[in-house]
Amino acid sequence: MLLFKKVAELQQYLQKVSNEGKTIGFVPTMGALHQGHLSLVNRAKSEASCTVVSIFVNPTQFNDKKDLKKYPRTLGNDIEMLSSVQTNVLFAPSVEEVYPEGLDTSLDLDFGQLATVMEGAFRPGHFDGMAQVVHRLLDIVQPNKLFMGQKDFQQLTIVRSMLKQLNHKTELVVCPIIREADGLAMSSRNRRLTPVYREKAVLLSQILSKVKSNIHSRTPENMAKMAMKTLTEAGFKPEYFDIVDGVTLQSIKQFSDSDFVVALTAAWAGEIRLIDNMILKEEKKAILA
Ligand code: AMP
């Protein structure tokens with residue numbers, strides 16, 4: 001695996017790769033890698049001839065500066081994990097490389113209601129920062145395909161909208177959520193859970209599964225209320241549990257209102273904020289492709 005820290009050196013190498021007619025698959029991450037990230041790398045390896053992974057904890061997408069400071073950084077271990085799956089290139093730039101003085105990296109795009117609901121309502125500015133860094137990294141790496149996880153469902157909806165608005169040549173590939181044995185969605189933040197909350201955290205995926213198996217017996221509103229109550233009673237501080245159309249991200253009144261329905265939730269487990277989601281109904285599978 002080659003490790004680059006400088007934009008110019010990475011670009012020089014990738015230019016050679018594309019001159020050889022090879023395709024580039026790109027997996028952006030913030031590091032503290034786990035098997036969920038590696039599933040994206042493996043998918044990229046199966047669909048592109050050169051796989052580039054970036055590790056960059058992007059300051060502009062953290063609305064909470066304490067969260068940025070506490071975000072786990074485990075570069076040595078990440079390098080070992082990426083080498084173990086034969087990643088071709090790791091790009092681990094500094095903040096100054098990504099946002100050099102004098103370079104305008106701001107983006108003037110309108111995501112409308114996609115960016116104001118759920119995560120957008122609770123993490124003001126988060127999606128602007130996320131779109132800014134994904135756009136900048138795409139500009140640097142120029143990949144044929146971009147691999148992202150369904151774990152961050154709203155994020156990939158916004159990235160899809162960004163690619164469409166910019167008429168971007170990169171194709172977005174969505175990869176399924178990888179879970180721990182008990183069902184907890186893998187996350188870099190899980191390692192910061194207290195033992196008590198780690199044990200309880202399985203509740204998020206359990207509720208999502210329960211909602212999925214009951215979509216014919218109750219209304220979305222009723223189920224969302226029930227889920228918020230169950231999470232609160234178990235000692236979580238849930239921010240939202242929404243059942244939405246998977247394209248518009250707007251809440252639905254009846255399950256028959258949409259043929260692509262997703263339930264999404266965010267809840268504080270002590271000091272750690274967890275997110276998870278589950279597709280409840282997906283008649284048009286192509287939507288996620
Ligand atoms: P992050 O490092 O958390 O910014 O995540 C980098 C990429 O990995 C994003 O596209 C995430 O959606 C994806 N990802 C994170 N957790 C998982 C998981 N449990 N399963 C699959 N993909 C994931």
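**Ligand contacts and helix packing**

In the predicted model, an oxygen atom of the ligand lies 2.9 Å from a backbone N or O atom of Gly149. Gly149, Ile178 and Met186 are among the residues that come nearest to the ligand, together with Met30 and Asp152, out of the 16 residues around the ligand.

Helix 10, spanning residues 202-213, packs against helix 11, residues 220-233, at an angle of about 160°, and the two axes are 11 Å apart. Because angles over 145 degrees count as roughly antiparallel, helix 10 and helix 11 are assigned to that class. Their crossing is right-handed. On the helix 10 side, the contact comprises Leu203, Leu204, Ile207, Lys210 and Val211, which meet Met223, Met226, Ala227, Thr230 and Leu231 of helix 11. This contact contains 8 nonpolar residues, 1 polar residue and 1 charged residue.

Helix 1 (residues 7-19) and helix 7 (residues 126-141) have axes 9 Å apart and pack at an angle of about 50°. Helix 1 is therefore oblique to helix 7. Val7, Leu10, Gln11 and Leu14 of helix 1 meet Arg136, Asp139, Ile140 and Val141 of helix 7. By class, the residues of this contact divide into 5 nonpolar, 1 polar and 2 charged.

Notes. Residues are numbered from 1 along each chain as its sequence is written. This is a predicted model: local features need pLDDT of at least 70, side-chain atom pairs count only at pLDDT 80 or more; totals for chains, interfaces and linings use all residues. Side-chain values use heavy atoms; hydrogens and water are left out. Axes are lines fitted to C-alpha atoms, for helices over the stretch in contact, and angles run from 0 to 180 degrees between N-to-C directions. Helices (H or I, at least four residues) and strands (E, at least two) are DSSP runs, numbered from the N terminus. Angles under 35 degrees count as roughly parallel, over 145 as roughly antiparallel, 65 to 115 as roughly perpendicular and the rest as oblique. A crossing is left-handed if the near helix is turned anticlockwise from the far one by less than a right angle, and right-handed if clockwise. Contact means heavy atoms within 4.5 Å. Ala, Val, Leu, Ile, Met, Phe, Trp, Tyr, Cys and Pro count as nonpolar, Asp, Glu, Lys and Arg as charged, and the others, Gly among them, as polar. A residue is near a molecule or strand if one of its heavy atoms lies within 4 Å of it. A polar contact is a pair of N or O atoms within 3.5 Å; within protein, one must be able to donate a hydrogen and the other to accept it, and residues adjacent in sequence count only if both atoms are side-chain atoms.
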